[in-house]
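Subject: Handover of a model, with notes

Dear colleague,

I am passing a structure on to you, and my notes on it come after it. Please read the two side by side.

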Amino acid sequence: GMPLPPPPPPPPADDAGTPGAGVHGEAIAQVYVGVLRVLDTALCTRRDLFFDAESEARGLCEDLVREILRSPQFVMAHAKIPQALAGLLSFCQETGLLEGAPEPAQEFLRKIAEKEDATKALANRRRHPEKEYDRVAKKIKDRLEVLDHVATGLMPESVAGKVYVDEGFDFLHWDANMWANQISLIVHSVYCAVRVAELKDKKFSDEAASPNFQILRALNNHMSYILLSEVLRHEDVQKRGRVVEHLIRIGDALLSKKNYDSAISVVAILGSSSAYRLRHTWARVRGGVQDKFESLKNKIGNAGRNLEREFFTPMMVPHMPSIGSILKFIINNAEEPRFLDPDAERRLVNFSRYRGAGKIFSVVDRTQKIKYTDTAQQRILDFFLMKPLYPSEDDAYARSLEIEPRAQKKKA
C-alpha cells in the first residue's frame, strides 16, 4: 500500500500562549494520518475524522484528495480496497471535489459507486432470501410461459428470444459447487411457490388446480433438456467427455447440498438413451469420475428410492426433496381407506390415513421454510431460461445418432 509520510508540522499559533494551540496542531496531524489510513487500509470507521475536524484539518483533507484525484493510477492501484474507495467517494461527493477531478478519476469513482450499490443490494438479498426467491420465481414463470406459447403456436418463434446456445457461454467456466448452488436456488425458489393445497387429494394432476406445481414440473423438464443439449451440442468428442465429467461432479455436489430432486435429474440425464449410448464420449471420461458416477447412482437408487428413507428425517439445513418421492407418498397414502370397516354399521375413521397425509405435508412445509441463501448469477439463470437446442427425446436421440452413428454390423 501507500507508505505513510510523516505528518506535517503543526501551523504556528498566533499566540504561543493561547490555550489549546498544541491540541489544534495535533488534530491536523491525526486527520492527516487518518485520511491516509482510510485510503490505504480501508479503516472507514475513521471517516468521522473527515467531517468533525476543524476547518484547517478539513482543508488539508481536501488537498490530499485533490492530489489523489490527479493521479487516477493511484485510485486504480487501490481497487482491492472497496471500503476505502467508498469512503473516498463519499468524501468527494460531500465536498464537491468530484466535479473538479479529471475524467478518468470521475469515471472510475462512478463505477465504484455502482459496485457499492450492487454490494448493498446483494447483502440485502442474502438477509432477505424470500425477496430473491420471488424475483427468480417470477422471471422463470414469465419465461416458461413465453416458451410454452411459442411451442403451442400462440406466439411466433421470434418471440422466444435467444435460442440455445450462447457461443460466449462456457459451461465449464463455473465449478461444480457453483452450478449446484445455482440449480438449488432456481429449483427451490419455484418449489417454495407450490402450495400444499395443490398437492392434497391428488390435485397435482389437475393443471387448473395446481398452477405452481405445473411450473415446477415444466422447469425440471426444461432444465433437463438444457443440460442434455449441453452434452449433445459439441462435435468434439473430447469436449463432450469433459461436459459429462462436469455433470457427474455437479450431481455429486447437488447430493451433498441435499438437493435430492436435481441430483436425481442429473443422473437421469446421463442415464438417458441419448447420452448413455455415446460410447466414444464415455470412453473419454476418466476412471475416477466414472467410479464417482457409479457411487452416485448407488446412493440415489432407482428413481431416488434410496433417498426415501431420509424423507421424514427433520433437517435444519436447506433441503430440496425429490418431487417424485412426494407424489409417491401422497398417492400411496390416498389409496388407504377412509374408514377401517366401511361395511360396519358404525364406521371407524382411519386416522392413520390422515396422520400420514399430515406427515407428508409437514415435510413440504418445513423444506419450503429453510431457504438457500445464494444469489442468482444472471448468466446462469439466463442459460437455463434459453430455448433448448434439443427440446424433446426424439430431437435429442436424433442428434445422438448424428454425432455417434450406430456401429455397422459386420457381414458373415
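The notes below go from the whole chain to single residues.

This is a predicted model, in which local features need pLDDT of at least 70 and side-chain atom pairs count only at pLDDT 80 or more, whereas totals for chains, interfaces and linings use all residues. Residues are numbered from 1 along each chain as its sequence is written, and side-chain values use heavy atoms, with hydrogens and water left out.

On confidence, the average pLDDT of the protein chain (the predictor's confidence in each residue, from 0 to 100) is 76, and 62% of the residues score at least 70. For residues 1–33 the pLDDT stays under 50, and the model has 31 contacts beyond four places in sequence for them, a contact meaning heavy atoms within 4.5 Å. Residues 78–84 are also below 50 in pLDDT, and beyond near neighbours in sequence that stretch has 17 contacts in the model.

As for the fold, the protein chain has 18 helices and 0 strands, where helices (H or I, at least four residues) and strands (E, at least two) are DSSP runs, numbered from the N terminus. Of the contacts in the protein chain with a separation of 6 or more, 74% are accounted for by residues 24 or more positions apart. Of the 412 residues in the protein chain, 43% are buried; buried means under 20% relative accessible area, exposed over 50%, and partly exposed in between (1.4 Å probe, protein chains only). The accessible surface of the protein chain comes to about 22600 Å², with 53% belonging to carbon and sulfur atoms; such areas come from the Shrake-Rupley method with a 1.4 Å probe, and for residues only the protein chains shown count as cover.

Not counting residues up to four places away in sequence, I140 touches I186, S189, V190, L219, L381 and L385. F384, in helix α17 (residues 378–384), counts as buried at 1% relative accessibility, and beyond four places in sequence its contacts include W179, I183 and H222. F384 and I183 are 201 residues apart in sequence, yet 9.1 Å apart in space, C-alpha to C-alpha.

S229, in helix α9 (residues 211–232), is buried at a relative accessible area of 0%, and a polar atom of its side chain lies 2.7 Å from the backbone oxygen of Y225. S400, in helix α18 (residues 393–403), is buried, also with a relative accessible area of 0%, and its side chain reaches the backbone oxygen of S274 at 2.8 Å.

Finally, the backbone. Most residues other than glycine have a negative phi. K258, in the loop between α10 (237–256) and α11 (260–271), has a positive phi near 60 degrees and is partly exposed at 26% relative accessible area. A303, in the loop between α14 (287–300) and α15 (323–334), has a positive phi near 55 degrees and is exposed at 58%.

Key
A polar contact is a pair of N or O atoms within 3.5 Å; within protein, one must be able to donate a hydrogen and the other to accept it, and residues adjacent in sequence count only if both atoms are side-chain atoms.
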